[in-house]
Amino acid sequence: MPMIHPKANWVTTGGWEKIDVLFKIKSRTEKEYALGQSEEEVVTPLVMRYINNYKDLPKAVYQINWKFRDELRSKSGLMRGVEFLMKDMYSFHETQEDFERFYAEMKKAYLKIYARLGLTAKVTEGSGGAFSEKISYEFMVLTDAGEDDILYCGACDFCVNLEIAKEKEGERCTRCNKGTIAKARASEVGNVFDLGQKFTKAFDLTFNDKDGKKQYATMGCFGLGISRVMGVIVEKYHDERGIIWPESVAPFAVHLLALSGADGEKAYETLQNAGIQVLYDDREMSAGEKFAEADLIGIPWRIVVSPKLGNGRVEIKKRTEKEPRIVDLKEVLNLIKR
Ligand SMILES: [Zn+2]
């Protein structure tokens, strides 16, 4: 989907005036555009061309793309930028019930994704904000670096933003009557907006139902903040020397360092041929500098080749371990694959 949107689409929905974080730009010929901060204004007219009757529903489309938000509280780094990477999906349904069914499925998928990233996520209910008059669901990850306070139950899935909570910390959870309400700092890493028919009415997206009657489709928006999730992972997985990427999201499995003129080619090829992704550092720098950079970057395994180690021998260490081991290159593959 495009990142630069025609002004007319945003005027149609009222977002041009109402959304204060919307970036507005003007061309040399005085034409006005918005930078995408969410894509309902683009995706609704697009999907409309593929929906005629109820058989075309439900339909969901998604993309992974950059978004822009003229954020007053923007910070450096990945947590809250004016530019961020997001997975955004838009779903179209015959009825509100079908949206609810789809949301329940997506919620499970999202929680599975966060778990695989090494994060504990909770779902809170919030107000829909500028997107919707209806409710929104926020996926929150527990982290001291977060900017929200949430109350949650340790025994069931009750979770609410402190701002709108009626419950208090330490109380017994009224939903399950088992757990106790706890308070935590959290960071939003995803959201779901129940958009109802707001956008389908604005763009006149209708379909013929089973009785041949025209109906407006019901719509949902499902966002997952990719660059933000990276920030949250770094907040959770680091030490005083740098990042410790969980293996599920590490950009490489191995950081290979060739020291004092050693030839790392053989180790590099052996690993590559075994299907292991390697970041290979053969620069002429001191061992100390290379070790410090490897810790900072935080690739799960560090492998060192050096003339001191002897033929076919390498030094191997996990980012989480203190002391390296010296092993045969052949053994390395077993260690990593295990
Ligand atoms: Zn509970």
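Mentor: One term before we start: two strands pair if DSSP finds at least two bridges between them. Helices (H or I, at least four residues) and strands (E, at least two) are DSSP runs, numbered from the N terminus. This is a predicted model, where local features need pLDDT of at least 70, side-chain atom pairs count only at pLDDT 80 or more, and totals for chains, interfaces and linings use all residues. Residues are numbered from 1 along each chain as its sequence is written, and side-chain values use heavy atoms, with hydrogens and water left out.
Trainee: Okay, what's the mean pLDDT of the protein chain?
Mentor: The mean is 92, and 97% of the residues reach 70 or more. pLDDT is the predictor's confidence in each residue, from 0 to 100.
Trainee: Now the open sheet: in what order do its three strands come?
Mentor: The order is β1-β3-β2, with antiparallel pairing. β1 (4–6) and β2 (23–26) are at the edges with a single partner strand each, so one side of each has no neighbour in the sheet. On average, neighbouring strands here are turned by 40° against each other, direction ignored. For that angle, axes are lines fitted to C-alpha atoms (for helices over the stretch in contact), and angles run from 0 to 180 degrees between N-to-C directions.
Trainee: How many bridges are there between β2 and β3?
Mentor: Four, in the antiparallel sense. As for residues, K24 stands opposite A34 in β3.
Trainee: Switching topic: which residues are the protein donors of the zinc ion?
Mentor: C153, C156, C173 and C176, each through its SG atom, at 2.2 to 2.3 Å from the zinc ion. Donors are N, O and S atoms within 2.8 Å of the metal (3.2 Å for Na, K and Ca); water is not among the atoms, so sites may look incomplete.
Trainee: And what's the geometry of the zinc ion's site?
Mentor: Tetrahedral, with angles of 107 to 113° among the four donor atoms. Four donors count as tetrahedral if all angles lie between 85 and 135 degrees.
Trainee: How are the donor residues spaced in sequence?
Mentor: The spacing is C-x2-C-x16-C-x2-C. C156 is in the loop between β8 (148–153) and β9 (159–161), while C176 is in the loop between β9 and β10 (181–196), 20 residues apart, and this pair links distant parts of the chain.
Trainee: Is C173 buried or exposed?
Mentor: C173 is buried, at 1% relative accessibility, whereas C176 is partly exposed at 21%. Buried means under 20% relative accessible area, exposed over 50%, partly exposed in between (1.4 Å probe, protein chains only).
Trainee: What about β8, how many of its residues are buried?
Mentor: Five of its six. β8 pairs with β10 in the antiparallel sense over six bridges, and L151 has K183 in β10 as its bridge partner. β8 also pairs with β9, again antiparallel, over three bridges, and a hairpin through five residues joins β8 to β9.
Trainee: Last one: which way do the residues of β16 point?
Mentor: V254, L256 and A258 point one way, H255 and L257 the other, and all are buried. Four bridges join β16 (residues 254–258) to β17 (residues 278–281), and the two run parallel. L257 stands opposite D281 in β17.

Methods:
Four donors count as tetrahedral if all angles lie between 85 and 135 degrees; four count as square planar and six as octahedral if opposite donors are over 155 degrees apart and all others between 65 and 115; anything else is irregular.
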